[in-house]
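Hi,

Here is the structure I said I'd pass on.

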Amino acid sequence: MNRKKHRREKPDAVVQRLMNIVGEREVFYLKEDLISYECDGYTMSKGMPKAVVFVKSTEHVSAVVRCLNEEKIPYIARGAGTGLSGGATPLGGEVIISLVRMKRMLHLDLENRKAVVEPGFINLKLTQSISDKGYYYAPDPSSQYACTIGGNVAENSGGAHCLKYGVTTNHILGLEVVLPNGEVIEIGEEGIPDQPGYDLLGLLTGSEGTLGIVTKITVKVLKNPEGKKTVLAYYDDINDASQAVSEIIAAGIIPAALEMMDSIAIEGVESAAYPVGHPRDIAAFLLIEVDGIAAGIDDQIDEILTVCKHNNVREVKVAKDEAERGLWWANRKMGFGAMGAISPDYLVQDGVIPRTRLPEVLGKIAEISKKYELRIANIFHAGDGNLHPLILFDASIPGQSERAAKAGSECLKVCADVGGSITGEHGVGIEKSAEMRFIFSDAEMTAQTNIRAVFNPEDLLNPGKLFPQPGQCVEIKQAGQGDRSTVPVNAMGRGD
Amino acid sequence: MIASYLDGILPKEQIRINDELRHPLGNGGLQLIEANSEEDISKVLAFAYSHNKTVNVISGGTKRGFGGENERADILLSLANYKGIVEHSVGDLTMTVKPGTTLKEITDELHKHGQRVALDASWPELATIGGIIAANDSGPKRLLYGSARDLVIGTRIVYPDGNVVRTGGKVVKNVAGYDMNKLFIGSMGTLGIISEITIKLRPLPKYEGLSLLQFPIGKEQDIREFSIKILDSMAEPVSLEILNPSIAEKMTGNRQDTLAISFEDREKAVLDQENWVETHLPFGGEHVVLHEEDARQWWEKFRHFGPNGYHDTESEADTQAALKVGSNNLDVLVNMVAADNLAAEHHVAVEAHGGIGHGISRIYVKGLPEDIVSYTRALRDKVKEKSGYVVCTHLPFILREAVGVWGEKPGYFALLEGIKRTNDPKNILNRNRFVGGI
Ligand SMILES: Cc1cc2nc3c(=O)[nH]c(=O)nc-3n(C[C@H](O)[C@H](O)[C@H](O)COP(=O)(O)OP(=O)(O)OC[C@H]3O[C@@H](n4cnc5c(N)ncnc54)[C@H](O)[C@@H]3O)c2cc1C
């Protein structure tokens, strides 16, 4: 952080109060400092915060929240800002409370299989800091090298391996939370399960930072599986690949991961940093991983190979060593970022469908692509029906951003219409708030906003997110080329 | 006589006066109404809401002894007839089911397709899925498969005013809006009536094995060391349940501390893990292995311990209670010892088991009412020393107030009250059934 800049503006009274709490250097309020907080990984909507406050402790968070409450100024918690739905994006005038400096591991108790971390602790760091003892933290969003566990809790993030191991909510044992009135509560004390009372742990996880600010997290850690094998299967017909997915599940196998990519996505990852040498003329590939007790893995791999062959696979192979497996995964995890190599801009969608409807939904997405004259790449967690259509566009061509947003929304409609959901892991945020209407009635959303009012009665904490705003229509602010430095998706050059 | 105010809400044959006014477990109602559909539930609640009538909800009745400081409400609404599978999407491994369906009915149906709901709660032929979820019941295998909160992906809820609200959805991964499913799991029906449940399924295991490890009395330290070792090994046990000597005697014939370690996987993987157990056997420990049908039958029997709402006797000396203890995983062992030691001190008989890998223990107590009260208090004090809690999942009505079903209110009780008030502003549903009198 460069604090040597010449100050042109004086802090106003509110900023001064915040400085009194956390220290002068820990508050940004100048426009040039605030620019990179205009949005998160979703760049189609931007707003200027009033200030950014870097807190170091729960007491800081509580004092800042109390102050902003008195001043009636809205505020937003922010982790790494990798969110893909605009959750940490200001609509204008909010104070951002950045938790990146609260990044310590506070406690590790492997015998009871839990760890306590501060919210700014980076996801991947957790696994790295316990892997020498044979343990890991299961939820593995592709942004895991950057995103924070606090952000993961807020979004209830998933990852490639949540097919077998579950998403964030299945791994959270306890939370310390600063409520919007500044009060500090502890739920799931010491990580002991099933505490008497309504399941606030479950309610807060995935609440997109609208019910409270998480300041401490107790997570479950798992033992590394003894064995692991990875299969790559190339298909000439995407329907065959989809059918193979269904048959693997029907065979009673629960792979650790079961991922699919279509030809446009493959074009992207092959042009990016970790090319594998996938044939360019295939329709799709499946990346399948099985883990667990080593003695039981070969049988499962044999069955998977049989299923693949039975479904007209062109070529199928098992990773020969850790290096090859690592390359396949790096290539796959590049997914989003790799789109930058084949398109100036892209919009990531996040629909979920019953996995058996895959072929039908892919057909409809192809129609949407045709209708809007935009290429759509498909990357998905096929095993649990979580699709990531990536809509490729060029924001510098007038009208394309709007068309991309509409195409994205239509993809979600298709998912909703087959009994699915508009988001599997990226959250609603700003982006999909209008689309909430695809799956919930007004009464159902009111039931939810009523619960919000219990925690956040004045709606000062992250207002305007998650639920459709009165009279809302799709509004797009141009993500101009010049802003590219503030686009975390491209900046990080990796994606899921 | 049927109260005239109920006239015309539902057909007469679904309403009758409740002749069981003084049920020993309370949680009754003056008028018994049978719901056969969601619409029935909705009509009854809409009526009750607008006429300020209180409603208790019952299905299988196995949890009638769980919470509740009012002997009866105006209406006892039974969902026992509202049962059946709405949809089983075999390829998606999901199922939508009505709340009055028993766990056994679900299990039998799924079995035909090689699938199951991974919930091994007690009394499966009596307990309904709605009740299991509302009470958040679980069994030893939650160690690997999780509990209701990990399995339920969607519900339909009839709110106290009669409106129906859907929560979650029908897909296995979903973060749209708040995870409202969670509010209703374990809420003891105080926020709304669950009228439909969509749940994630698992394939039946290809092979299953059960390792029973019997330890001479007084070898707690050995059990602890062995447990730490297996949890830190390559093994992936589905259960790591410690049985106290009295429950072990009924299960195995031997009055010894016993570990029940389940493995479910490919045959080779199961055998490999059993082999690990065999080669790491502590000195003096005895290892008995059961496979497939034998293992399944053993667990089947295991699920029939503890009170089930139908076995409470008239005899005071045989008063029954069931306690759910939550603790840090390894403190389960400490609590097991405490449960047995305190039993002797307080003149009660105790059968107990607990999951060393998941932190939930179940303690079934029999004795005189006053001894049950003093036992529970003493155990609660002991468990609290290590931040644990004790909830009484079964107690006769007359003892509930004295013992305190839920223990102390949590520090954030105001939020729980706020949620209750939001969903049920007139406080008509299962009043006083939950934490802090909610
Ligand atoms: C390249 C790329 C790949 C991705 N891959 C995946 C993936 O595989 N799976 C997946 O699920 N997501 C993925 N994401 C999305 C994103 O990384 C996750 O949503 C992540 O959890 C966000 O964490 P963050 O720290 O960046 O949170 P932020 O973006 O800073 O914040 C996200 C939301 O959480 C709130 N918040 C943050 N911290 C707190 C706190 N302590 N208390 C309360 N609220 C808080 C914010 O207000 C905001 O609403 C990806 C993103 C990118 C850019």
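D108(B) and K104(B) sit four residues apart in helix α2 (residues 103-111) of chain B, so about one helical turn separates them. (Helices are DSSP runs of H or I with at least four residues, numbered from the N terminus.) The two side chains form a salt bridge, with the closest N and O atoms 2.8 Å apart; the term means a side-chain nitrogen of Lys or Arg within 4 Å of a carboxyl oxygen of Asp or Glu. D108(B) is partly exposed at 37% relative accessibility, and K104(B) is partly exposed too, at 33%. For that scale, buried is under 20% relative accessible area, exposed is over 50% and partly exposed lies in between (1.4 Å probe, protein chains only).

Before you go further: this is a predicted model, where local features need pLDDT of at least 70 and side-chain atom pairs count only at pLDDT 80 or more, while totals for chains, interfaces and linings use all residues. Residues are numbered from 1 along each chain as its sequence is written, chains are lettered from A and ligands numbered from 1 in the order in which they are written, and side-chain values use heavy atoms, leaving out hydrogens and water.

Over all chains, the search finds 57 salt bridges. Two others I looked at:

- E385(B) pairs with K382(B) at 3.6 Å, N to O; E385(B) is exposed, at 59%, whereas K382(B) is partly exposed, at 34%.
- E315(A) pairs with K317(A) at 4.0 Å, with E315(A) partly exposed at 34% and K317(A) partly exposed at 28%.

Now the domains. Chain B is divided into domain 1 (4-81), domain 2 (85-203), domain 3 (207-302) and domain 4 (316-403), with bounds from an automatic or database domain assignment. The centres of domains 2 and 3 of chain B, over C-alpha atoms, are 29 Å apart. How much area is buried between domain 2 and domain 3 of chain B? About 780 Å², with carbon and sulfur atoms giving 60%; this is the accessible area (1.4 Å probe) that the two parts lose on being put together, summed over both. On the domain 2 side, P140(B), K141(B) and L143(B) lose the most, together 64% of what that side buries.

Three salt bridges are counted between these two domains of chain B.

Cheers

Methods. Helices (H or I, at least four residues) and strands (E, at least two) are DSSP runs, numbered from the N terminus.
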